[in-house]
Each structure stands twice: as C-alpha cells, then as structure tokens.
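Student: I am new to this structure. Could you take me through it in short steps?

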Amino acid sequence: MLVSHALKDGVLHLRLLRELDVTSRAAAALEIEAIVSAYRPGRVLLEFPTPCPSPASFSALARARRMCASLGIALTASGPGSVPLQTPGSAPPARTA
C-alpha cells in the first residue's frame with residue numbers, strides 16, 4: 001500500500017506513505033484512482049511525504065489531477081503538515097526569524 005486515505009466532511013484526504021520512484025509511480029496512481037472512484041468526494045487533498053517531491057511523485061499527481069478534473073473534483077496538493085510544495089531543483093522557501 002502506497003497511499004492512505006480518510007474521508008472527512010466531504011473531503012478525501014490522501015497521503016503518500018513514501019516518496020515514489022519509477023517502479024512505484026504507476027501503482028500509486030492506480031491506488032489514488034481507485035480510492036477517488038470509490039468515494040467520489042467533492043474535493044481531494046493529496047499530501048506528499050516531503051516538501052520537495054520526486055519527479056515520480058509529481059507524475060502521479062499529474063495523473064490524479066487529470067482524473068479528478070475529468071470527474072469535476074477539485075484536487076489540492078501539499079507537503080507534510082500542509083507545507084507548500086517545491087518543484088525539483090527549486091530553492092526551499094526563505095524562513096523568517
């Protein structure tokens with residue numbers, strides 16, 4: 001299992017349990033699709049395990065976004081604990097003291 005899920009107040013919360021790689025990307029995307037199809041929520045929140053997801057994790061996100069868009073379901077993605085995501089190779093956000 002690569003994805004955990006919980007339905008709260010009409011929002012389906014999905015969480016990747018680990019960073020994805022080339023061999024796990026397709027399996028995770030299929031799990032996400034199966035869970036979303038089973039619940040048909042009004043909104044999906046996908047949480048990544050790190051603030052800087054791997055390219056394979058972003059690929060799974062792209063597939064989930066296309067699927068949700070085709071079903072009319074809003075999808076939001078975040079890092080652990082609602083941290084904003086960083087694209088691969090980008091600098092981490094500046095911290096203020």
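Tutor: In β3, Val 11 has Arg 43 as its bridge partner. Strands here are DSSP runs (E, at least two residues), helices are runs of H or I with at least four, and both are numbered from the N terminus. This is a predicted model, where local features need pLDDT of at least 70, side-chain atom pairs count only at pLDDT 80 or more, and totals for chains, interfaces and linings use all residues. Residues are numbered from 1 along each chain as its sequence is written, and side-chain values use heavy atoms, with hydrogens and water left out.

Student: How many bridges join strand β2 to β3?

Tutor: Strand β2 covers residues 11-16 and runs parallel to β3. Two strands pair if DSSP finds at least two bridges between them. For β2 and β3 the number of bridges is 5.

Student: Which helix packs on the sheet and touches β1, β2 and β3?

Tutor: Contact means heavy atoms within 4.5 Å. Angles run from 0 to 180 degrees between N-to-C directions, with axes fitted to C-alpha atoms, for helices over the stretch in contact. The helix covers residues 22-39, and its direction makes about 165° with that of β2. The helix is α1.

Student: Which strands does α2 touch?

Tutor: Helix α2 also packs on the sheet. Its direction makes about 160° with that of β4. The strands touched are β2, β3 and β4.

Student: What is the order of the strands in the open sheet?

Tutor: The sheet has 4 strands, and their pairing is mixed. β1 (3-8) and β4 each have a single partner strand, so they stand at the edges. The order is β1-β2-β3-β4.

Student: Which residue in β4 stands opposite Glu 47?

Tutor: Strand β3 (residues 43-47) and strand β4 (residues 74-78) run parallel, joined by 5 bridges. Opposite Glu 47 stands Ser 78.

Student: What is the centre-to-centre distance in the aromatic pair of Phe 48 and Phe 58?

Tutor: Rings of Phe, Tyr and Trp (its six-membered ring) pair if their centres lie within 6.5 Å; planes under 30 degrees apart count as stacked, over 60 as edge-to-face and the rest as tilted. Phe 48 and Phe 58 are tilted, with 45° between the planes. Phe 48 lies in the loop between β3 and α2, and Phe 58 in helix α2. The distance is 6.1 Å.

Student: Is Ser 24 buried or exposed?

Tutor: Ser 24 is found in helix α1. Buried means under 20% relative accessible area, exposed over 50%, partly exposed in between (1.4 Å probe, protein chains only). The relative accessibility of Ser 24 is 3%, so this residue is buried.
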